[in-house]
Amino acid sequence: MSQSSLRNAPAPRMASRNAYANALVIDDDPLAQIVVSEALIQHGVRNTEVADDGVQGLEKLANTRSEIDLVAVDLQMPKMTGVDVVRELARVGYKGAVIIISSEDASLLRSVHNLAKLLQVNILGALQKPLNVEALSRLIDAPKCAPDRTLKRVLSRSEVVDAFMSEKLVPFYQPKIDLATGKVAGFEILARHVAHGAEAPAPVQYLEAIEKFGLSVDFVSVMIERAGRDTLAWRDTLENFKLCFNLTPLAVQDSGLPDGLLKTVQRAGLDPKSITFEITENH
């Protein structure tokens, strides 16, 4: 069966109500292209396109007239691997679904699957070759996750700046205990939102806005200055304790960050050797 006839074949009468309309199969094996395309069509996909490698696949994805809502990709291909394709899909914000179909070891497939989830790619699953058609059917027939239509109020830049300048966002101190001695060895600094005497939840909405507006360095500088002030009275009681602050990857990309942080730490009266920075877990 030719690829042209595969792409134009009518969908079966009993197509899944959750079927995807247009699929792209990225695989350098012509036989695999045919098998996967045929399997997708038999399960309700109306149209399939094929690409011999990742570069060609991404070009088709960008230039096709019909929106491709499902990508099936192999891992080992010339020019661009399937892992690189997944990373690029994440970079461009591809909103369709992705299935990995490869002859690679199951442990590698799981790793790439987990990577895709971390990159917030809509990964349906990873299947080994030879293709198990029933397993593919379960993936594409699974109900699509309904998009979260809850509208969150977007904080303005001025609201964010006001929050940490007026001390609505303050440092909380999570102790770190030396298990050998049982003594407090230091503290991890956690930002908390304090308002009107209420409990102090993690200020997720503010932290997202801080990153969005490029205020990460300003915010951590404020936390360092306040930590210097707050811990001043502890220094006679606690010896050589360390403070740990969180930094976002966007902040780390600032070439002037080390010098700026050093000046901030010294201005706060803290010993630079007592300071640790950690990259936030969500990145």
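The structure, a predicted model, holds one cavity of 30 Å³ or more. A cavity is a set of points on a 1 Å grid over the protein atoms alone where a 1.4 Å probe fits but cannot get out, and lining residues have an atom within 4 Å of a point. The volume of the largest cavity is about 40 Å³. Its lining consists of Val25, Ile26, Asp27, Val36, Ala72, Val73, Asp74, Ile101 and Lys129. By class, six of these residues are nonpolar, none is polar and three are charged. Strands S1 (22–26) and S3 (70–73) each contribute at least two lining residues.

Arg226 lies in helix H9 (residues 216–230). Arg226 counts as buried because its relative accessibility is 8%, buried meaning under 20% relative accessible area with a 1.4 Å probe and protein chains only. Beyond its neighbours within four places in sequence, Arg226 is in contact (heavy atoms within 4.5 Å) with Phe164, Met165, Glu167, Leu169, Pro171 and Tyr173.

The chain has an average pLDDT (the predictor's confidence in each residue, from 0 to 100) of 82, and 85% of the residues score at least 70.

| Residues | pLDDT | Contacts beyond four places in sequence |
|---|---|---|
| 1–18 | under 50 | 34 contacts |

Residues are numbered from 1 along each chain as its sequence is written, and side-chain values use heavy atoms, with hydrogens and water left out. Local features need pLDDT of at least 70 and side-chain atom pairs count only at pLDDT 80 or more, whereas totals for chains, interfaces and linings use all residues.

Terms used. 1 Å grid on protein atoms, 1.4 Å probe; cavity = no way out; pocket = protein on both sides within 12 Å on 5 of 7 lines; lining within 4 Å. Points joined across faces, edges and corners; volume = space filled by probe spheres on them. Helix = DSSP H or I, 4+ residues; strand = E, 2+ residues; numbered from the N terminus. Nonpolar A, V, L, I, M, F, W, Y, C, P; charged D, E, K, R; others polar. Buried < 20%, exposed > 50% of the residue type's maximum accessible area, 1.4 Å probe, protein only.
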